[in-house]
Amino acid sequence: MKKLTKLIMIGMLTALLLSGCSLPGLGGGSGETIKIGTVTTSETQTLGYIQKYMIEHYTDLNAEIVGNLGSSIVMHQAMVNGDVDISAARYTGTDLSGALHMDLVNDPEEAMEIVQREFQDQFDQKWYDTYGFDNTYVLSVRQDVAEKEGLEKVSDLSSVADKYLFGVDNSWINREGIGYDEFVKEYGFEFNKVYPMQIGLVYSALNNKKMDAVLAYSTDARLKQFNLATLEDDKHFFPPYDASPVASNDLLEEHPEIDGILQKLVGKFDNDTIIELNYQADIEKKEPSTIAKEYLEAHNYFEDE
Amino acid sequence: MDLLKELVTYYNDNGAYVWTEFYRHFLMSAYGVLFAAIVGIPIGILIARYSKLSPWVISFVNVIQTIPALALLAVLMLVMGLGTNTVILALFLYSLLPIVKNTYTGILGVDKTLKEAGNAMGMTRFQILRMVELPLSLSVIMAGLRTALVIAIGIATIGTFIGAGGLGSIIVRGTNAAEGGAIILAGAIPTALMAVLADFVMGWFERLLSPANSRKLS
């Protein structure tokens, strides 16, 4: 019996040891592979692959995608544990309340300053300036209605809202501080009726005229697919969710050239670009990896800047 | 028909990506089974020799098999972190049962008179193992590897949840997309194909190594 347990232990240990080093054909484990974390959304995946191909284009390092992480909290844990070196995209609003347990801030620049400072101090990670897009809540109406009623800003809705059916994300309606009640207080008008639903349904509900206005996500490809108009949040009611890459300082010290590569991506993706990329992924059903490659080839890997 | 068209466009656009994930998926499964074979076959031989140990070992590997794959992955993730190595360890553990059990059954199934004949010829225990028991049980052991590999290919699809990639990534992306039916199929079809192909190839080996055939070969 003793002999056997010994044998099993040895076997298990060898297996563990063997799997501790990187296996031929599968990167990972070794320090020379940069691990880029993405969550399940198309935009983080596309940006993750863009980073991967940029790193492989400019350096001899290998980069690997650690994909489909459950949420930004899982991503944060993975960064802290060192399973992931770079987060493809993190959003100011999400991590203010998630990783930092702080109150939401309405001013985008202030929010950015806070996360940059706190991530440097608390987690030894560098939070870059924004890619140039934000994935926040945005009020949306049909294009023809917007033109007919002359709607450009959320405030413009005040005269027509009492006739409008309003479709919203069911996780938003009761959110503390930024939910519907506060929305009504801030803007001073109410909709005729509010319908909470799955966020994925609001776009077609609006397009099919079941709803007159909806609360959408500002980078969703279906805004482009159905040609929906978005209204400017003129009272800055919704908190900013500006997207940025985040990298661990350990990685940047070891490979300083990566800092320059990530810096090249800052400010290169506005909302229209991201919607276009999401459109290719979600509607045309291209893989983020393919989209990233094509995009970088079309832009010459941002070499000219 | 639309679905078929979408599927063809998908493979056209993303062929290279599907291929890398396919290769990755296969490697993860193969490594898991390979390590399990390195560990499991000796264990199987050992417990066939010392039959008192067999109930312990068999029930131990049985218990591993009853743990749900997602739970096992999650627990291993806490210890080993994200990535392919964790998935390979999980596949290793799941592959132990078919490999250990088949080796054990195969060795026990060898006719006693043959072993006695070997003994009478003055063969050592190791020689009996190498020249009598192993050749005669090889096809049963191969059957165990075959089962293990097919199971591993199936389980490897959920490796994507701990960031290991593989064909599961394509399936999960399909479930997240608004109308992702075609993407789900685009990931599921190669996975099923790989399992069927692995089953076929291993089955061919199994027949090749069966005692009836090896006599013909030699």
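The model is predicted.

Start with chain A. It has 13 helices and 10 strands. Its C-alpha atoms fill a box of roughly 80 × 55 × 40 Å along the principal axes. Of its 305 residues, 41% count as buried. Take the contacts in chain A with a separation of 6 or more: 74% of them join residues 24 or more positions apart.

Now turn to chain B. An unreviewed UniProt entry lists six stretches of chain B under "transmembrane region": residues 26–48, 60–81, 87–107, 128–145, 151–172 and 184–205. Two of these can be set side by side. Residues 184–205 of chain B are 100% helix and 0% strand, and their end C-alpha atoms lie 32 Å apart. Residues 151–172 of chain B are 55% helix and 0% strand, with end C-alpha atoms 19 Å apart.

Next, the helix pairs. Helix 4 of chain B covers residues 84–108, and helix 6 of chain B covers residues 125–156. Their axes come within 8 Å and cross at roughly 155 degrees. Angles over 145 degrees count as roughly antiparallel, so helix 4 of chain B is roughly antiparallel to helix 6 of chain B. The crossing of these two helices is right-handed. The residues of their contact divide into 16 nonpolar, 8 polar and 2 charged.

Here the opening definition comes in. Helix 1 (residues 2–49) and helix 7 (residues 167–176) of chain B have axes that come within 7 Å and cross at roughly 125 degrees. Helix 1 of chain B and helix 7 of chain B are therefore oblique to each other. From helix 1 of chain B, the residues at the meeting are Val18(B), Glu21(B), Phe22(B) and His25(B). Helix 7 of chain B brings Leu167(B), Ser169(B) and Ile170(B). By class, the residues of this contact divide into 4 nonpolar, 2 polar and 1 charged.

Stay with helix 7 of chain B, which also holds Arg173(B). Is Arg173(B) buried or exposed? A residue with 20 or more other C-beta atoms within 10 Å of its own counts as buried. Arg173(B) has 26 within 10 Å, so Arg173(B) is buried. Leaving aside neighbours within four places in sequence, Arg173(B) is in contact with Gly180(B) and Ile183(B). Phe126(B) is 47 residues from Arg173(B) in sequence, and the two C-alpha atoms are 52 Å apart in space.

Definitions and conventions: Residues numbered from 1 in each chain as written. Chains lettered and ligands numbered in written order. Predicted model: local features only at pLDDT ≥ 70, side-chain atom pairs only at ≥ 80, totals over all residues. Helix = DSSP H or I, 4+ residues; strand = E, 2+ residues; numbered from the N terminus. Buried ≥ 20, exposed ≤ 12 C-beta atoms within 10 Å, placed from the backbone. Contact = placed C-beta atoms within 7 Å. UniProt positions renumbered as here; feature names shortened; annotations may be inferred. Axes fitted to C-alpha atoms, helices over the stretch in contact; angles between N-to-C directions. Parallel < 35°, antiparallel > 145°, perpendicular 65-115°, else oblique. Left-handed = near helix turned anticlockwise from the far one by under 90°. Nonpolar A, V, L, I, M, F, W, Y, C, P; charged D, E, K, R; others polar.
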